[in-house]
Amino acid sequence: MCTSIAMRNENFYFGRNMDIDYSFGEKVVITPRNYPFRFRYASNSENHYALIGMASVTDNYPLYAEASNEKGLCMAGLNFPDNACYSEAGKPDKSNIAVFELIPWILGQCSSVQEAEKLLEKTNLISEPFSSDIPTATLHWHIADKNSSIVLESTHDGLHIYDNPVDVLTNNPTFDFHMTNLCQYANLSVRIPENCLTQKSGVKLFGKGMGSCGLPGDFSPASRFVKASYILANSVCKNSENDCISQFFHILDSVAVVNGSIEARDSLPYFTVYSCCINADKGTYYCKTYNNNQISAVNIFNSDIESSLLMEFPLTEVQQICFKN
């Protein structure tokens, strides 16, 4: 599960809901320019663009769920079970990259979606786990910048790159299904609907919002894709930073998973563990957790991005309440 969106106003914003049934030791992590990325098959990267995003750090390696680089290119990995399929071996004419290396591989050297597409055409994704304790994740990826969005999927018939005009991604099925499925909701509107049933019925509207009757409200990936696409496409927001951040989180909240609303495996709670919004132009990563609605922020440019050491910022999981008396 998960939902990611890209929103463009005066600045470019990118973020996601992380819907999951376990904690992966997530923290906001800044990878500075001179942190050495050691790739399993490709040449090591001793210097690269700085990154900021949510990650777990294992053996001093940042395993990013989503991130932005200092140039404003953003990328998120979302669950894609049963469909995701990767190579079992390297290819001599490609850059062979393990799945867990893909976000730093792309964000470390690309400044735009266009550059990312060119690099991906020469990339072969390998199904190699990070370690025996951390298996290969089944993912597809939302990649976006201030101009456009794409979706990357690696399935049994190869690597696919889709243009993403709606700036939304969820989970299964494949992205082409989601775009086709949107056609079933072409009648939805923010406007007051006309009575097209019959002029003889005398039907009168009894409330606002009836132009969106039929908008899905369940938590399935297809429904979240439609709902997020509809709300994002009709979003009205001022240009101020506070207004944009507030609007972005409201959109994510509209497709967030409440604890108890989906049956969990092995009695583990399943819900939106955290939501994030990145101002990719200013390098600010905003986030909130299920247990703490207060938005926290980390700015990549307020840290030493020429360093070689990872910078970790733990999440605050205790509810922060502003008492007025």
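Predicted model: local features only at pLDDT ≥ 70, side-chain atom pairs only at ≥ 80, totals over all residues.
Me: What order do the strands of the open sheet have?
Reply: β12-β1-β2-β13-β14-β15, six strands with antiparallel pairing. The edge strands, β12 (168-169) and β15, each pair on one side only. Strands are DSSP runs of E (at least two residues) and helices runs of H or I (at least four), numbered from the N terminus. A pair needs at least two DSSP bridges.

Me: How many bridges for β1 and β2?
Reply: Six, antiparallel, with β1 at residues 3-8. T3 stands opposite N17 in β2.

Me: And β14 with β15, how many?
Reply: Five bridges, again antiparallel, between 284-289 and 292-299. Y285 has V298 as its bridge partner. A hairpin of two residues joins β14 to β15.

Me: Switching topic. What volume does the largest pocket have?
Reply: About 870 Å³. Of its 34 lining residues, I20, Y22, A137, T138 and L139 are closest to the centre. A pocket is an open set of points on a 1 Å grid over the protein atoms alone, where a 1.4 Å probe fits, with protein on both sides within 12 Å along at least five of seven lines; lining residues have an atom within 4 Å of a point. Points join across faces, edges and corners, and volume is the space filled by probe spheres set on them.

Me: Which element gives the most to that lining?
Reply: β2, with four residues.

Notes:
Residues numbered from 1 in each chain as written. Heavy atoms only, no water.
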